[in-house]
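Here are some notes for a colleague who has not seen this structure before.

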Amino acid sequence: MMKLVAIDLDGTLLSDDGTISSANVEAIHRAQEQGNMITICSGRSLHDTQEILQRAGITCPIITGNGAIAYNGQELLHKYIIPEQVIMELIPMLESGGYYFELYTNQGIHLLNKGKAQLDEEIQRMIEKDAGFPVEWAKRERDIQFEQYGLQYVNDYKNIDVAGLDIYKIFVLSFDREKLDHLESLLTGRTDLSITSSGQTKLEIAQAEVSKGNALTNMSKHLQIPIQDTVAIGDNLNDLSMFQVAGISIAMGNAPEVVKQKSTYTTKRYNEDGVAHALQSYVING
């Protein structure tokens with residue numbers, strides 16, 4: 001029976017260096033050869049996701065920005081943009097709170113030239129607060145942001161043309177969990193936004209209808225594959241909405257316990273080719 005398999009990227013399909021392992025690529029190709037449909041379903045940007053897949057030699061429909069944008073080949077299936085007036089309200093709020101953030105747009109990811117220095121200052125403050133703060137881990141989390149494809153550096157967010165950019169996600173990164181919790185409390189309950197997270201240092205803001213679950217439902221309708229014949233593979237809180245709608249949900253071995261509890265199965269860790277293991281166990285015949 002043909003299945004639609006939705007696969008997350010970070011903490012799921014990607015290796016530590018941001019590439020897709022040969023074992024995972026081979027398993028995806030085998031699943032496709034058997035007539036299954038693969039879709040990547042990631043919080044990453046459109047440009048970044050396209051580049052990662054091209055380098056791995058994988059061709060498939062893609063869902064990006066946590067479900068904000070979906071493509072099947074050249075065909076745009078849906079695009080949910082954050083309204084301009086909401087962006088104009090949120091940017092000053094984030095700047096006054098001293099948050100590092102990125103704008104995901106139709107022209108790549110916009111971020112400040114001083115962004116890296118801003119994160120370095122926060123890491124230093126965390127070290128002063130807590131001598132046991134994991135510095136090397138924080139620096140790696142920082143560096144991942146600047147390894148994305150399609151980065152557009154600006155000196156000031158006031159210089160960008162918000163009306164001319166389709167902004168579909170605001171990504172906030174902070175090593176200060178209290179600061180992130182405060183921001184989340186300010187935004188939670190708003191009916192014009194969806195709020196999710198792909199990790200303890202991250203908060204992701206999008207238009208109200210945006211979720212991986214909604215996007216997977218739309219993709220299954222477009223491809224005419226019943227939702228009960230879908231498989232979702234992921235590792236974090238932003239994957240739970242697709243776990244709720246998929247016929248089978250598979251958590252990575254590195255997923256938090258709350259994600260594992262909401263899944264049908266648990267596979268190996270991301271750095272143990274857990275996606276290949278999941279596909280071989282639950283999708284590929286023979």
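How many nonpolar, polar and charged residues are in the lining of the largest cavity?

1. The model is a predicted one. By class, three nonpolar, eight polar and eight charged residues make up the lining of the largest cavity.

2. The volume of the largest cavity is about 200 Å³. Its lining is made up of 19 residues, and those closest to the centre are D10, G43, R44, S198 and K202.

3. Three elements each contribute at least two residues to the lining of the largest cavity: the helix α6 (135-146) and the strands β9 (169-173) and β11 (202-207).

4. On the cysteines, the whole structure was searched and zero disulfides were found. C41 takes part in no disulfide, and the nearest cysteine sulfur, that of C60, lies 11 Å away. A disulfide is a covalent bond between the sulfur atoms of two cysteines.

5. The cut-off for a disulfide is a pair of cysteine sulfur atoms within 2.5 Å.

6. Are these two cysteines buried or exposed? C41 counts as buried because its relative accessibility is 0%. C60 is buried as well, with a relative accessible area of 14%, where buried means under 20%.

Conventions. Residues are numbered from 1 along each chain as its sequence is written. This is a predicted model: local features need pLDDT of at least 70, side-chain atom pairs count only at pLDDT 80 or more; totals for chains, interfaces and linings use all residues. Side-chain values use heavy atoms; hydrogens and water are left out. Buried means under 20% relative accessible area, exposed over 50%, partly exposed in between (1.4 Å probe, protein chains only). On a 1 Å grid over the protein atoms alone, a cavity is a set of points where a 1.4 Å probe fits but cannot get out, and a pocket is an open set with protein on both sides within 12 Å along at least five of seven lines; lining residues have an atom within 4 Å of a point. Grid points are joined across faces, edges and corners, and a volume is the space filled by probe spheres set on the points. Helices (H or I, at least four residues) and strands (E, at least two) are DSSP runs, numbered from the N terminus. Ala, Val, Leu, Ile, Met, Phe, Trp, Tyr, Cys and Pro count as nonpolar, Asp, Glu, Lys and Arg as charged, and the others, Gly among them, as polar.
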